Amino acid sequence: MSENYKFFCHKDCEYFPCHKTDDEENFNCLFCYCPLYSKGEDCGGNFVILENGVKDCTGCSVPHKRENYDLIMKKLSALE
């Protein structure tokens with residue numbers, strides 16, 4: 001069974017890649033804006049909280065890894 005819906009790479013985007021990566025071929029743009037941002041510190045990503053209280057996800061590549069689609073979906077279902 002094909003699972004192509006789990007991955008989308010938009011190399012023509014002017015922001016590609018939006019995070020540093022050594023593997024552009026497997027950089028997943030499907031979750032361009034992280035759907036787990038609203039989970040705050042429970043998102044499971046690599047973030048820092050800045051002095052002004054803003055969550056900085058610049059160093060996080062969790063939603064952009066091809067293999068993390070199921071992880072993202074599982075965490076999203078827990079939002080209900």
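Is C60 buried or exposed? C60 is buried, with a relative accessible area of 9%. The points below concern a predicted model.

1. Cysteines. A search of the whole structure finds 0 disulfides. For C13, which takes part in no disulfide, the nearest cysteine sulfur belongs to C32 and is 6.2 Å away. C13 is partly exposed, at a relative accessible area of 24%. The sulfur of C60 has its closest cysteine sulfur in C57, at 6.1 Å, which is too far for a bond, because a disulfide requires the two sulfur atoms to be within 2.5 Å.

2. Nonpolar core. C60 also belongs to the largest nonpolar core, a set of 7 residues whose other members are F31, L36, C43, V62, Y69 and I72.

3. The whole structure contains 3 salt bridges. Side chains of opposite charge can pair when their charged atoms come close. K6 is bridged to E3, with 3.1 Å between the closest N and O atoms, and K6 also meets D70 in a salt bridge at 2.9 Å, N to O. The D70 and K6 pair links distant parts of the chain, 64 residues apart: D70 lies in helix α1 (residues 69-77), whereas K6 lies in the segment before β1 (48-49). As to accessibility, K6 counts as buried at 11%, while E3 is partly exposed at 43% and D70 is partly exposed at 47%.

4. The salt bridge of E25. E25 is paired with K11, and their closest N and O atoms are 2.4 Å apart. Both residues lie in the segment before β1, so the pair ties together parts that are 14 residues apart in sequence. E25 counts as exposed, with 54% relative accessibility, and K11 is partly exposed, with a relative accessible area of 39%.

5. Aromatic pairs. How many aromatic pairs does the structure hold? There are 3 aromatic pairs. In one of them, the ring centres of Y5 and Y69 are 5.7 Å apart and the planes stand at 80 degrees, so the arrangement is edge-to-face. This pair, too, links distant parts of the chain, with Y5 in the segment before β1 and Y69 in helix α1, 64 residues apart. Y5 is partly exposed at 48% relative accessibility, whereas Y69 is buried at 14%. F16 and F27 form another edge-to-face pair, at 5.5 Å centre to centre and with 90 degrees between the planes. Both phenylalanines lie in the segment before β1, so their pairing ties together parts that are 11 residues apart in sequence. F16 and F27 are both buried.

6. Ring cluster. Y5, F31 and Y69 are joined into a cluster by ring pairs. Two of these residues, F31 and Y69, are also members of the largest nonpolar core.

7. Charges over rings. Where does the charged end of R66 sit? The charged end of R66 sits over the ring of F7, 3.6 Å from its centre. In a further case, the charged end of K55 is placed over the ring of F47, at 5.1 Å from the ring centre.

Conventions
Residues numbered from 1 in each chain as written. Predicted model: local features only at pLDDT ≥ 70, side-chain atom pairs only at ≥ 80, totals over all residues. Heavy atoms only, no water. Buried < 20%, exposed > 50% of the residue type's maximum accessible area, 1.4 Å probe, protein only. Salt bridge = Lys/Arg side-chain N within 4 Å of Asp/Glu carboxyl O. Helix = DSSP H or I, 4+ residues; strand = E, 2+ residues; numbered from the N terminus. Core = buried A, V, L, I, M, F, W, Y, C linked by side-chain atoms within 4.5 Å. Phe/Tyr/Trp six-rings, centres within 6.5 Å; stacked < 30°, edge-to-face > 60°. Lys NZ or Arg CZ within 6 Å of the ring centre and 35° of its normal.
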